[in-house]
Amino acid sequence: MLHDIPLNQHGPLAQPMTRAIEACVHCGFCLAVCPTYQQLGQEMDSPRGRIVLMKEVLEGKLSWEAAQPHVDRCLGCLACEPACPSGVPYRDLISPFRALAKSHFQRPFGEKLSRWLPAQTVPYPSRFHAAATMGQVGKAFAPLLPGALKPMLELLPAHLPPKQSWPEVTPARGERRARVALLTGCAQQVLDPDINTSTIEVLTRNGVEVLVPRAQGCCGGLAWHTGALGAAQDFARRNLDAFPEDVDAILTNAAGCGSAMHEYHLVLRGTADEARTEQFRKRVLDVSVFLQKLGLREPLPESGQRRRIAYHDACHLANAQGVRREPRLLLRAIRGVELVELPDAHLCCGSAGSYNLDQPQIATALGEQKARAIIASGATVLASGNIGCLTQLRVHLANLGSPLPVRHTFQILRDAYAATEAKSNQDRPAC
Ligand code: SF4
Ligand code: SF4
């Protein structure tokens, strides 16, 4: 026995946590890729250091309070997982630990408020839309507002886009090749609803029928990653009920949502619904993976002008779901596109769910660092597959005075299809 963790004291999540702790051989290979270790240079803010801290807390040798600041500073970016030669499943440890900590640790009022606000608004599109609308007025009074609210206001766009809605069923164009159900996300519906519109447009153009189940809700990611286990379980159950079984895949176009849905087996571990999560998780795919596997139909999209696109790997796509190749292949399929790779592509942009609200200093440093790398790449467009990263990078590029457009991969594909169509209409001889 490498540990002294009393399994029966820590509930159903103790077992995966203990397995993760036991798998760590303390080699330190993960340190070099950890953004918080890079920023702070402290062992306790590295994956290895946090694993030791969490082990000691679970063994009863260290207080929850002593470990919490270091656990809070973890982005949950999972860059440590692919870097680990021992295959430590860090994801089985960090969110379960946060869920346990909730019942052992009382936060000061300011911290409670800055966590309560996003938890009560972001997962509910109508509330979030109302809050974001008020927030735009509030931006003018930012210097007078409590510190906890300022990072939230900074992330809001100058103008909220108009609300959009999507039919329950959008039929495939031409011969149907597949049928899918789409999770429309919650923050995404408010901050950039055009991402869903373009996703549906690109899929249907490629022969895919798209269902948008009305009963769906938030993926539960925000709740799960901040230790709100009960809320995460409610969201997971709602989606298990809402998504039909007679579809080829359940698609997400926001990396954070996809990765949260892949963790429903942990969220619902030890409950009556745990068994339902296995089949469900197997059907959840990022939209880029699904479309790349299905194959783009001819004619391929064509960019109206030459475009140099920098692709930013969202951590919850690249590290959590292992998706790096597919979005790049889809973008490269657009004629006229040159893809540029960013240095230190494995480094998080600092968005990480609500991290930029909870840890604004580290989030700002990471966002600025990423924005500088994007500008230096000479790209004319930035592409990514996660609303959190898109929002964070829009703010930091603008803060550095860059007018670079920041687009979801499927918005770029949709625009390229539109350019192809416009060109073929021009080329058609007039009657
Ligand atoms: S690389 Fe893996 S085994 Fe090595 S210290 Fe990090 S988590 Fe532990
Ligand atoms: S999840 Fe990211 S921030 Fe947290 S320990 Fe791993 S690499 Fe570091």
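Let's start in the loop between strand 7, residues 335-340, and helix 20, because that is where we find D344. This is a predicted model, so please hear every value today as computed. The phi angle of D344 is near 50°, a positive value in a residue other than glycine.

Now hop over to L78, in the loop between helix 4 and helix 5, which covers residues 80-83. L78 also has a positive phi, near 65°, and is a residue other than glycine. With a relative accessibility of 3%, L78 counts as buried.

L78 brings us to ligand 2. Which residues are the closest to ligand 2? They are C34, C74, C77, L78 and C80, out of 13 residues that surround this ligand. Two helices each supply at least two residues of that shell: helix 2, residues 35-40, and helix 3, residues 47-58. Sorted by class, the shell around ligand 2 holds 10 nonpolar residues, 2 polar and 1 charged. The space that ligand 2 takes up is the second largest cavity.

And where does ligand 1 sit? Have a look at the largest cavity, and you will find ligand 1 there. Around ligand 1 there are 13 residues, and the closest are C24, C27, G28, C30 and C84. In this shell, 9 residues are nonpolar, 3 are polar and 1 is charged.

Next, helix 4, which spans residues 64-72. Which of its residues are buried? They are W64, A67, Q68, H70, V71 and D72. An α-helix has 3.6 residues a turn, so residues three or four places apart point the same way. Among the elements that cover the buried residues of helix 4 are helix 3, helix 6 (91-102), helix 7 (109-121) and helix 20 (355-358).

Let's finish with the nonpolar cores. The largest one has 62 residues, and those that touch the most other members are V180, L203, L251, F290, I309 and L331. Take I309 on your screen: leaving out residues up to four places away in sequence, I309 touches L331, V337, E338, L339, V340, A379, V381, A383 and I412. There is also a second, separate core of 52 residues, including I51, Y90, L93 and Y264.

Note on methods:
Residues are numbered from 1 along each chain as its sequence is written. Chains are lettered from A and ligands numbered from 1 in the order in which they are written. This is a predicted model: local features need pLDDT of at least 70, side-chain atom pairs count only at pLDDT 80 or more; totals for chains, interfaces and linings use all residues. Side-chain values use heavy atoms; hydrogens and water are left out. A residue is near a molecule or strand if one of its heavy atoms lies within 4 Å of it. On a 1 Å grid over the protein atoms alone, a cavity is a set of points where a 1.4 Å probe fits but cannot get out, and a pocket is an open set with protein on both sides within 12 Å along at least five of seven lines; lining residues have an atom within 4 Å of a point. A molecule sits in a cavity or pocket if more than half of its atoms lie within 2 Å of its grid points. Helices (H or I, at least four residues) and strands (E, at least two) are DSSP runs, numbered from the N terminus. Ala, Val, Leu, Ile, Met, Phe, Trp, Tyr, Cys and Pro count as nonpolar, Asp, Glu, Lys and Arg as charged, and the others, Gly among them, as polar. A nonpolar core is a set of buried Ala, Val, Leu, Ile, Met, Phe, Trp, Tyr and Cys residues joined through side-chain atoms within 4.5 Å. Buried means under 20% relative accessible area, exposed over 50%, partly exposed in between (1.4 Å probe, protein chains only). Contact means heavy atoms within 4.5 Å.
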